[in-house]
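Can you walk me through this structure, one feature at a time? I'm new to it.

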Amino acid sequence: MKIKLILVALNLLFAFASCSDRRTVIGVSQCSNDTWRQKVNREIKIGQYKYKNVDVSFCSADNNAK
């Protein structure tokens with residue numbers, strides 16, 4: 001019984017700790033900027049709207065390996 005109570009308390013603690021105002025930045029690096037990658041980037045951007053605290057940043061190497 002005591003262990004169950006401790007587990008419930010820990011679960012509540014983790015639930016409240018996850019409700020923070022932290023921002024999460026996801027960086028997406030693509031090797032080129034072709035049509036397929038533009039479509040993928042749009043889909044990622046659409047998925048971002050589900051989360052208020054997530055920013056997505058895109059960059060492209062424009063076919064330059066350096």
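Predicted model: local features only at pLDDT ≥ 70, side-chain atom pairs only at ≥ 80, totals over all residues.

A: Residues are numbered from 1 along the chain as its sequence is written, and side-chain values use heavy atoms, leaving out hydrogens and water.

Q: Which elements does the chain have, and in what order do they run?
A: Helices (H or I, at least four residues) and strands (E, at least two) are DSSP runs, numbered from the N terminus. Here you get two helices and two strands, in the order α-β-α-β from the N terminus on.

Q: In which sense do strand 1 and strand 2 pair?
A: Strands pair if DSSP finds at least two bridges between them. Strand 1 (residues 24-30) and strand 2 (residues 54-60) have seven, in the parallel sense. Between them the chain passes through helix 2 (residues 35-48), a right-handed β-α-β crossover: with the strands pointing away from you, the path from the first strand over the helix to the second runs clockwise.

Q: Is arginine 37 buried or exposed?
A: Buried means under 20% relative accessible area, exposed over 50%, partly exposed in between (1.4 Å probe, protein chains only). Arginine 37, in helix 2, has 18%, so it's buried.

Q: Which side chains make polar contacts with the side chain of arginine 37?
A: Look for N or O atoms within 3.5 Å, one able to donate a hydrogen and the other to accept it; residues adjacent in sequence count only if both atoms are side-chain atoms. Arginine 37 has such contacts with serine 32 at 3.2 Å and aspartate 34 at 2.8 Å.
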